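Okay, thanks for coming, everyone. Let me put the model up and then we'll walk through the ligand sites.

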Amino acid sequence: VEAALADGPLRGRHVLVTSGPTHEPIDPVRYIANRSSGAQGTALARALATLGARVTFVTGPASVPPPEGVTVVRVETAREMLAAVEAALPADAAVFAAAVADWRVASASTHKMKKEAGAVALEFAENPDILATVARRTEGRPRLVVGFAAETNDVVAHATAKRARKGCDWIVANDVSPGTGIMGGTENAVTLITSGGAEDWPRMGKDMVARKLAERIAAALA
Ligand code: CTP
Ligand code: CA
């Protein structure tokens, strides 16, 4: 366990991090989820705290425990995550590492659905885009807004378009094709996309990606 640097470069800064999957209910006992473990967001929150930041960590139901030394806000759905993020602002920087469900079940059943009722077809509604909502704020926008982009093909092209579409400052892009073992694994190979272009980082542990990214965030806020 690393001690937080009381006089670290992020001392006095508030950084918001979203992490983990979201769960979208179908009925009281069933939900729609995704394969995010929350490992990269958790490592990032830990690295930011180690550099002295005050970190608000808004997390969906992750499979790894949250880091020590951060304020943990647990949420389940995308809409709850958006509300928690807005309640946590203002922040100097915000990093959106969560794998937010793009859709929710339009009207989740309040009772357990019974199979005797026969085959069901679920109707979906689009969830709010939390990153875009924060990045597009005209008042109280964090000075640095960072998104992630998990792609399976044309990674840099998709991520560059995503950065423009959402209005964030940086996008951390990665290839999550099944063969890479990155989704749910301990390593990550990312490309950092900024206004200056795309920068490929070598494959390394998610904790090292987190440390490098935390240092870059500290430099940007300095
Ligand atoms: N994100 C978010 N809220 C959403 C969807 C995504 O905050 N409802 C954030 C993620 O945390 C990530 C970034 O947006 O930082 C990109 O997420 P991604 O799923 O790659 O982008 P989408 O716009 O949802 O595009 P698609 O899934 O179609 O590739
Ligand atoms: Ca998505």
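So, which of the 15 residues around ligand 1 come nearest? They're Phe96, Ala98, Pro128, Phe148 and Lys162, where "around" means having a heavy atom within 4 Å. Quick housekeeping: this is a predicted model, with local features needing pLDDT of at least 70 and side-chain atom pairs pLDDT 80 or more, while totals for chains, interfaces and linings use all residues. Residues are numbered from 1 along each chain as its sequence is written, chains are lettered from A and ligands numbered from 1 in the order written, and side-chain values use heavy atoms, leaving out hydrogens and water.

Now the backbone N or O atoms. One from Ala98 sits 2.7 Å from a ligand 1 oxygen, and one from Phe148 is 2.8 Å from an oxygen of ligand 1. On its own, ligand 1 has 570 Å² of accessible area (Shrake-Rupley, 1.4 Å probe), and the protein covers 77% of that.

What elements give two or more residues to that shell? You've got α3 (130-135), β9 (144-151) and α4 (155-166), counting DSSP runs of at least four residues as helices and at least two as strands. β9 gives the largest share, four residues.

Asp102 is in the loop between β6 (93-96) and β7 (103-105).

Terms used. Polar contact = N/O pair within 3.5 Å; in protein donor to acceptor, adjacent residues only side chain to side chain.
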